[in-house]
Amino acid sequence: MINRKSARLPKYDPLKKNLPDRRDYRGAAAWLKAVRDVLGNSVVFALDEALMCQGSFGGRSDEYIVWVYGDDSLAGYNGVVVLGNYISPYCVEERNGLRFTDFNRTIADSFANEKILDMQGITEAVSKYYFTNNESFDGVSIAPEYQSRFEELADEAVNYYDN
């Protein structure tokens with residue numbers, strides 16, 4: 001089941017704690033490790049942050065929103081969006097001490113949250129997947145309700161670097 005907990009993006013609140021600034025770190029992994037150190041080791045990164053962990057998306061130097069699975073208390077930080085409190089370990093990978101959703105779950109979460117998500121990261125990641133897998137989407141598993149939307153995204157991704 002895809003989590004639909006998020007309905008809107010958080011706004012800056014001076015009463016909330018701040019995460020490390022992305023622009024203060026060289027590379028996404030260093031920044032995400034600093035964020036993990038603040039949020040705790042049990043956090044699971046999702047969406048753009050999962051793509052950064054996978055090496056599928058470099059992120060942005062002004063990154064503010066951090067998508068995670070974890071405790072609701074994490075929303076006490078500026079920019080943190082908690083997609084859900086629990087995620088199956090079957091959908092979680094770990095690399096370099098960072099826990100993140102696997103590629104298929106990341107795609108499913110992107111479609112579930114598309115109304116509030118900038119799809120650039122997922123489009124780049126799907127494009128990279130296609131071209132690094134012999135121009136194939138073999139291994140990508142899409143829920144039936146998102147199949148037609150994935151076909152549109154796949155077409156955009158295949159032609160992403162041509163535009």
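So, a salt bridge here is a side-chain nitrogen of Lys or Arg within 4 Å of a carboxyl oxygen of Asp or Glu. Okay, housekeeping. This is a predicted model, so local features need pLDDT of at least 70 and side-chain atom pairs count only at pLDDT 80 or more, while totals for chains, interfaces and linings use all residues. Residues are numbered from 1 along each chain as its sequence is written, and side-chain values use heavy atoms, with hydrogens and water left out.

Back to the charges. The structure has five salt bridges. One of them pairs Arg 149 with Glu 114, at 2.6 Å from N to O. That one links distant parts of the chain: Arg 149 sits in helix 5 (residues 147-158) and Glu 114 in the loop between helix 3 and helix 4, 35 residues apart. Helices, by the way, are DSSP runs of H or I, at least four residues, and strands are runs of E, at least two, numbered from the N terminus.

Arg 149 also meets Glu 152, at 3.5 Å N to O. Those two both lie in helix 5, three residues apart, about one turn. So shared partners join Glu 114, Arg 149 and Glu 152 into one network.

How exposed are they? For burial, under 20% relative accessible area is buried, over 50% is exposed, and partly exposed is in between, with a 1.4 Å probe and protein chains only. Arg 149 is buried at 18%, Glu 114 is partly exposed at 24%, and Glu 152 is partly exposed at 46%.

Now helix 3. Asp 109 forms a salt bridge with Arg 105, closest N and O atoms 3.0 Å apart. Asp 109 counts as buried at 0% relative accessibility, and Arg 105 counts as buried too, at 12%.

On to the rings. Phe, Tyr and Trp rings (the six-membered one for Trp) pair if their centres lie within 6.5 Å; planes under 30 degrees apart are stacked, over 60 edge-to-face, the rest tilted. That gives five aromatic pairs. Phe 103 and Tyr 129 have centres 4.9 Å apart and planes at 5°, so they're stacked. The pair ties helix 3 (residues 103-112) to helix 4 (residues 120-132), and both residues are buried. Tyr 130 and Phe 131 are edge-to-face, 4.9 Å centre to centre with 85° between the planes.

Last bit, the strands, which pair if DSSP finds at least two bridges between them. Strand 2 (residues 66-69) is covered on both faces. Strand 1 (residues 44-45) joins strand 2 antiparallel through two bridges, and four bridges join strand 2 to strand 3 (residues 80-84), running parallel.
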